[in-house]
Amino acid sequence: AEDLLKEGRRRGDPSASALLGMHYMQQGRRAEALDVWKKGRRHGDRSASMALGDHFGRQGRDAELGDAEDSMGLGADCSFAIGAKVRVVGLTSEVGRRINGCIGSVLCHEPTSGRVGVKIADCAAKAIKPENLILLDSS
């Protein structure tokens with residue numbers, strides 16, 4: 001999995017940095033995860049930026065991100081917990097209509113846009129407005 005994510009990152013997959021960082025975090029490789037997320041953010045990877053902001057927001061250490069990241073409002077509250085299962089609804093764009101009804105997992109929050117990062121199977125991570133997500137019962 002790690003090799004595939006690294007290859008995706010080299011090829012410019014927009015969610016590969018975020019996913020590789022999450023893979024590292026699951027293995028307890030925090031420093032590597034943060035490095036991947038920061039590099040992804042510098043290269044415009046929104047998913048990596050959301051993952052980085054969410055990590056520091058959960059840890060209560062926004063100051064570690066520096067002034068630029070703090071000014072983005074990372075770590076703000078969101079009504080969807082990380083890992084929560086959600087259903088996508090009400091999207092009207094051509095691409096959005098294709099994922100209406102799909103179930104995904106909340107990856108992170110993007111306070112600057114108010115969107116929620118959602119990973120949907122067989123699809124890149126998407127930044128979706130909270131009003132277009134329904135929290136699924138976890139029981």
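**Helix packing and the nonpolar core**

Residues Glu-2, Leu-5, Lys-6, Gly-8 and Arg-9 of helix H1 are in contact with Ala-16, Ser-17, Leu-19, Leu-20, His-23 and Tyr-24 of helix H2, contact meaning heavy atoms within 4.5 Å. By class, the residues of this contact comprise 5 nonpolar, 3 polar and 3 charged. The structure is a predicted model, in which local features require pLDDT of at least 70 and side-chain atom pairs pLDDT 80 or more, whereas totals for chains, interfaces and linings use all residues. Residues are numbered from 1 along each chain as its sequence is written, and side-chain values use heavy atoms, with hydrogens and water left out.

H1 (residues 2–10) and H2 (residues 16–26) pack at an angle of about 150°, their axes lying 8 Å apart. H1 is therefore roughly antiparallel to H2 (an angle over 145 degrees, on a scale from 0 to 180 degrees between N-to-C directions). Helices are DSSP runs (H or I) of at least four residues, and strands (E) of at least two.

Within H2, His-23 is buried, with a relative accessible area of 17% (buried denotes under 20%, with a 1.4 Å probe and protein chains only). Not counting residues up to four places away in sequence, His-23 touches Ala-1, Glu-2 and Leu-5.

The largest nonpolar core contains 13 residues, a core being a set of buried Ala, Val, Leu, Ile, Met, Phe, Trp, Tyr and Cys residues joined through side-chain atoms within 4.5 Å. Strands E1 (85–88) and E3 (115–120) each supply at least two residues of this core, and the largest share, 3 residues, comes from E3. Val-88, Ile-99, Val-118, Ile-128 and Leu-133 have the most contacts inside the core.

Methods:
Angles under 35 degrees count as roughly parallel, over 145 as roughly antiparallel, 65 to 115 as roughly perpendicular and the rest as oblique. Ala, Val, Leu, Ile, Met, Phe, Trp, Tyr, Cys and Pro count as nonpolar, Asp, Glu, Lys and Arg as charged, and the others, Gly among them, as polar. Buried means under 20% relative accessible area, exposed over 50%, partly exposed in between (1.4 Å probe, protein chains only).
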